[in-house]
Amino acid sequence: MPGMSYRRGRISVGFRSRREQWSKNSLSRNDNGVHIIAGFNQVSNLKDHMRTHNGEKPFLCSICGKGFNQLGNLRQHTVRHSGVKAHLCSTCGSGFASKGELCAHLRKHTGARPFVCPICNHGFTTSSSLTKHKRIHSGEKPYECDVCKMKFSRSGILARHKRTHTGEKPYVCKYCTKAFSQSNDLSSHLRIHTGEKPYVCDTCGNCFRQSSALKTHKKTHIDKTQSLEIDKYCTYTENAFITIPQ
């Protein structure tokens, strides 16, 4: 029957007939001796595909050591190290190393978010952003620290964590050469030199370099004479507690 799907092992692909399936597919076995059939006309293509299942990344970048499951992905990655950004945005002129990055960027101008979370319906401009978001719902943490075995949901968070073990501080202040392990710490530090105070109190207009300083300041605007709603009582001391607006 047209479109019938023949299945063996873990992967199945639709074909018009069983003969067509056998003539157009490569056959392999997994470690348990189970036949696995996928829609590829060369064994090499099947091997490339299987790396998406087993996580194997044999193609390593000679510059940064990052691994890839396909040679084409490695070649695309090396362009980033060269600094060449041949794909330009016609709206703002920003350059990108790959066409895929440009397409993702264009969605910022159009507002398109085609990748939607099936759980909370939140939309994203790239499939990778959706994949990372889904881990909030699933609790998955695939990135493990090889020193302390802590696990993280994103590779970037793991990279930042590893610096707590190595002591590496790659973010250096261009004014005083002070170094930091986190980029956001450097951003906060730079405001000491530039005088920038982006956090503004909506009550009195005072400005602050850090959001934490603004939160502390806002507490000074609470009218101590006003009647505040009590949220909780301590069952041991009978002290009352309120929630202070942030």
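**Exercise 1. Threonine 126**

Task: Find which side chain joins threonine 126 in a polar contact, and describe the place of threonine 126.

Solution.
1. The side chains of threonine 126 and serine 129 are joined by a polar contact of 2.7 Å. The term covers a pair of N or O atoms within 3.5 Å; within protein, one must be able to donate a hydrogen and the other to accept it, and residues adjacent in sequence count only if both atoms are side-chain atoms.
2. The model is predicted: local features need pLDDT of at least 70, side-chain atom pairs count only at pLDDT 80 or more, and totals for chains, interfaces and linings use all residues. Residues are numbered from 1 along each chain as its sequence is written, and side-chain values use heavy atoms, with hydrogens and water left out.
3. Threonine 126 sits in the loop between strand E10 (123-124) and helix H5 (127-138). Helices (H or I, at least four residues) and strands (E, at least two) are DSSP runs, numbered from the N terminus.
4. Threonine 126 counts as buried because its relative accessibility is 18%. Buried means under 20% relative accessible area, exposed over 50%, and partly exposed in between (1.4 Å probe, protein chains only).
5. With neighbours within four places in sequence left aside, threonine 126 is in contact (heavy atoms within 4.5 Å) with Ala104, Arg107 and Phe115.

**Exercise 2. Salt bridges**

Task: State how many salt bridges a search of the whole structure finds, and describe the partners.

Solution.
1. The search finds three salt bridges, each a side-chain nitrogen of Lys or Arg within 4 Å of a carboxyl oxygen of Asp or Glu.
2. In one of them, arginine 80 pairs with glutamate 101, with the closest N and O atoms 2.5 Å apart. Arginine 80 belongs to helix H3 (residues 71-82) and glutamate 101 to helix H4 (residues 99-110), so the pair ties together parts 21 residues apart in sequence. Arginine 80 is partly exposed at 49%, as is glutamate 101 at 24%.
3. Arginine 135 and glutamate 140 meet at 3.9 Å, N to O. Arginine 135 is buried, at 13%, whereas glutamate 140 is partly exposed, at 40%.
4. Lysine 151 pairs with glutamate 144, the closest N and O atoms being 3.9 Å apart. Lysine 151 is partly exposed at 46%, and glutamate 144 is partly exposed at 37%.

**Exercise 3. Two segments**

Task: Give the helix and strand content of residues 59-86 and of residues 143-170.

Solution.
1. Residues 59-86 are 43% helix and 14% strand, with end C-alpha atoms 24 Å apart.
2. Residues 143-170 are 43% helix and 14% strand, with end C-alpha atoms 21 Å apart.
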